[in-house]
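Welcome! Take it one topic at a time and find each element as it comes up.

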Amino acid sequence: MRANCWYGKQDVRVEQVPDPKILNRRDAIVQISSTAICGSDLHLYNHFIPTMEKGDILGHEFMGEIVEVGPDVKNRKVGDRVVVSFPISCGNCFFCKQELFSLCENSNPNAWMAEKMFGHSPCGIFGYSHLTGGFAGGQAEYARVPFADVGTLKVPSTLSDEQVLFLSDIFPTGYMGAEMCDIKPGDTVAVWGCGPVGQFSIKSAFLLGAERVIGIDRIPERLRMAEASGAETINYEEENTYEALMEMTGGRGPDSCIDDVGLEAHGGHGIVYAYDRAKQMLGAETDRPIALREAIMACRNGGTVSVIGVYGGFIDKFPMGSFMNRSLQMRTGQCHVQHYWHKLLEHIENGDIDPSFVITHRMPLDEAPQGFDTFLNKEDDCIKVVLKP
Amino acid sequence: MATSKRQLNKQTKDEGQTTPAAPRQQSGGVQAARRRRSSGRTSNVRGNGPGRADLQNSNAERLARGLAWFSLGLGLAELLAPRAIAKISGTEGKHTGLIRLYGLREIASGIGIFAQGERPTEAVWSRVVGDALDIATLAVAAASPKTSKGRLAFATANVLAVTALDVLCAQQLSANETGGTEVKKSIIINATPEEIYNYWHDFERLPTFMKHLESVRTTGERRSHWVAKAPAGTTVEWDAEITEDRPNELIAWRSVEGADVDNAGTVRFEEAPGGRGTIVHVDLEYSAPGGVVGSMVAKLFGEEPAQQINDDLRRLKQVIEVGEIVLSDGTYFDNGLLTQRAAQPVASGEAGQSQGASAS
């Protein structure tokens, strides 16, 4: 089959690789009908995440039709049309039983590696380096889905691929970012990053009852998309984010702040940004917490900072004084997709939201390298790229 | 989950020892649980109290500190006066950049030794790596016509002497009180102590999740014959004897005379707090084949016992909670750092056996 494989920094190639086979008793093989490029894939593309091997198949947002099932998969059969969750979860361990699916203790064969970096290993993930298990990803024609009885969601034929594909990752992720804010009626929520996940955070914040949502970015088309969802926006290249938020909230600050940006943040000013870049070049700081610092400083006293943007290593100059002295809370994590996706599918079926609104580019799988480039450089008003194998 | 539990109970082997007639009377409450936990921790394989080995350790630590000061001094000299260093070792004076880099490396090692505190094992091993680099560099210099052979020989002799000290120190720091290597690992599994004790007691099944074991054969009431994989495709064998067997609590064993690798250990099954299953504690002592240096090399290939025991326990947890060992494309054959394959499906013709092959 053809698959999009990683070969180094900003080097991905679509090439012929073997077809996947059933290896474990609860596997299924899915013939992929649609797959997407995620913002976190760019961290792999730019080689920020270690333990990549040449030839690794990328991609963790995919869906399709089941063409083969392992002997112990009881709730799926050949022919089922499913969306696949990006976390791989066994369903039986301490964490899966609490529906904290991205913390599964059994699904990462390279747990020892992640343990060395993080203290403990999170779950296995499709196509996301060997730290998360070295599983082949879904930017391909077929994929082997371990624990298919837990990690797939049947979707009705009345909904198109584009309407449900994002249940695999970015819709639940944006939603979890908003849910972690514990939104109360009347709340103001500020969202850093109006990429696809940020767009879903904005929509989810409204769904969860926020009264005002403020989107922060610098790309005009992303700000426009946020405004179309009902958000007010701040272009941080035209005004100072903190000042603007203070002005909009009468000096109190937003009730909660969502960091939908993560480790490759852009847009710091002056000394601290120069410091971050210098330290990164020396390899002394792995992640740039620019959006995170801003979110903490801007958040109102007693508010919640929800971190759903991906971080991998260590950050510097964390405003712990501000955090502690003002009773802030931080909630974070890789999304527990399988916990959210039933409820979110209902929202889609009820017409509350059509996730396909973020898609700006559609191309065949063979053009994946071009897709990565366009997405990275935000060319051609690109917000989300969907690939068709 | 329920099915696998029933299957575990069915597979209990009758080895002729007395099975408990009735459930043991457990004293209740958190206090009792705390007492049970703490008593478990002090019972271990080796003896208590300071001895010759403790003295040996503090000597090693003093040597390490001396080497750290030496590192800092030499490092500063290489950094600030690289041409002088080049002259003393008889090499040309033009590789000042390289010498400065080595200076930085020496300083880093020195700082590392101080930073690691009481047992700077890894930092001293990093000095050994640095020494290997130095020796290699001097060897390359020997080939050049412009070197002063006499001075080079003098420098090499010094480096070799320091290398010997480094290796000695590192070995002493790495070894434990009895001169062997000790591994203590534990894992929490969602099953009762009884279920896991029964699963473990069927020794012939251990190779299904203990990747480094090739086979285990029961040869007597408390005896078994073990074959384990060793680095570079070889095997080691030994006969083991159960020295203590407390049902649902503890199994202790020891290799008998004539073993390729002397080893002894215990596996303890402790009820986890909050009814969250069982904590399995493995405490193993062995004399590493190839000594401690061999053990360091084995680490890179994922064959170092401490790492292996940890992964074995993880696989045991998978087998009990999930029913089989979870495979991925990248770790299909092995999950060592240098033995991962690309995260792509395995081709039908690809040679070798998967990690989980023995589990089926």
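**Strands of chain A that run antiparallel**

Strand β3 (residues 28-36) of chain A runs antiparallel to strand β5 (residues 62-69) of chain A, and seven bridges join the two. Keep in mind that this is a predicted model.

**Two domains in chain A**

- Chain A is divided into domain 1, covering 2-169 + 335-388, and domain 2, covering 171-332.
- The C-alpha centres of domain 1 of chain A and domain 2 of chain A lie 25 Å apart.
- Where these domains meet, domain 1 of chain A supplies 24 residues and domain 2 of chain A supplies 19 residues.
- Which elements give two or more residues to the side of domain 1 of chain A that touches domain 2 of chain A? They are α1 (39-45) and α13 (337-349) of chain A.
- α13(A) gives the most to that side of domain 1 of chain A, with five residues.
- Sorted by class, the side of domain 1 of chain A that touches domain 2 of chain A has 14 nonpolar, five polar and five charged residues.

**A six-stranded parallel sheet**

- Six strands of chain A form an open sheet, in the order β13-β12-β11-β14-β15-β16, and their pairing is parallel.
- Why is one side of β13 (232-235) and of β16 (329-332) of chain A left without a neighbour in the sheet? Both strands stand at the edges with a single partner strand each, so one side of each has no neighbour there.
- On average, neighbouring strands of this sheet are turned by 20 degrees against each other, direction ignored.
- Inside the sheet, strand β14 (residues 256-259) of chain A runs parallel to strand β15 (residues 304-307) of chain A, and four bridges join them.
- One bridge to find is that of A:C257, whose partner in β15(A) is A:V305.

**Helices that pack on the sheet**

- α7(A) packs on the sheet and touches β11 (188-192), β12 (212-217) and β14 of chain A; the direction of α7(A) makes about 170 degrees with that of β12(A).
- Helix α11 (residues 290-298) of chain A packs on the sheet too, touching β11, β14 and β15 of chain A; the direction of α11 makes about 180 degrees with that of β14(A).

**Helix against helix**

- Two packed helices are described by the angle between their axes and the distance between the axes.
- Helix α6 (residues 170-179) of chain A and helix α7 (residues 196-207) of chain A pack at an angle of about 55 degrees, and their axes are 7 Å apart.
- That angle makes α6(A) oblique to α7(A).
- The crossing of α6(A) and α7(A) is right-handed.
- Among the residues making the contact are A:F171 and A:Y175 of α6(A), together with A:V197 and A:F200 of α7(A).
- The residues of this contact of α6(A) with α7(A) divide into eight nonpolar, seven polar and no charged.

**Chain A meets chain B**

- The contact between the chains takes 34 residues from chain A and 27 residues from chain B.
- On the side of chain B that touches chain A, the residues divide into nine nonpolar, 11 polar and seven charged.

Technical notes
Residues numbered from 1 in each chain as written. Chains lettered and ligands numbered in written order. Predicted model: local features only at pLDDT ≥ 70, side-chain atom pairs only at ≥ 80, totals over all residues. Axes fitted to C-alpha atoms, helices over the stretch in contact; angles between N-to-C directions. Parallel < 35°, antiparallel > 145°, perpendicular 65-115°, else oblique. Left-handed = near helix turned anticlockwise from the far one by under 90°. Contact = placed C-beta atoms within 7 Å. Nonpolar A, V, L, I, M, F, W, Y, C, P; charged D, E, K, R; others polar. Domains from an automatic or database assignment. Pairing = 2+ DSSP bridges.
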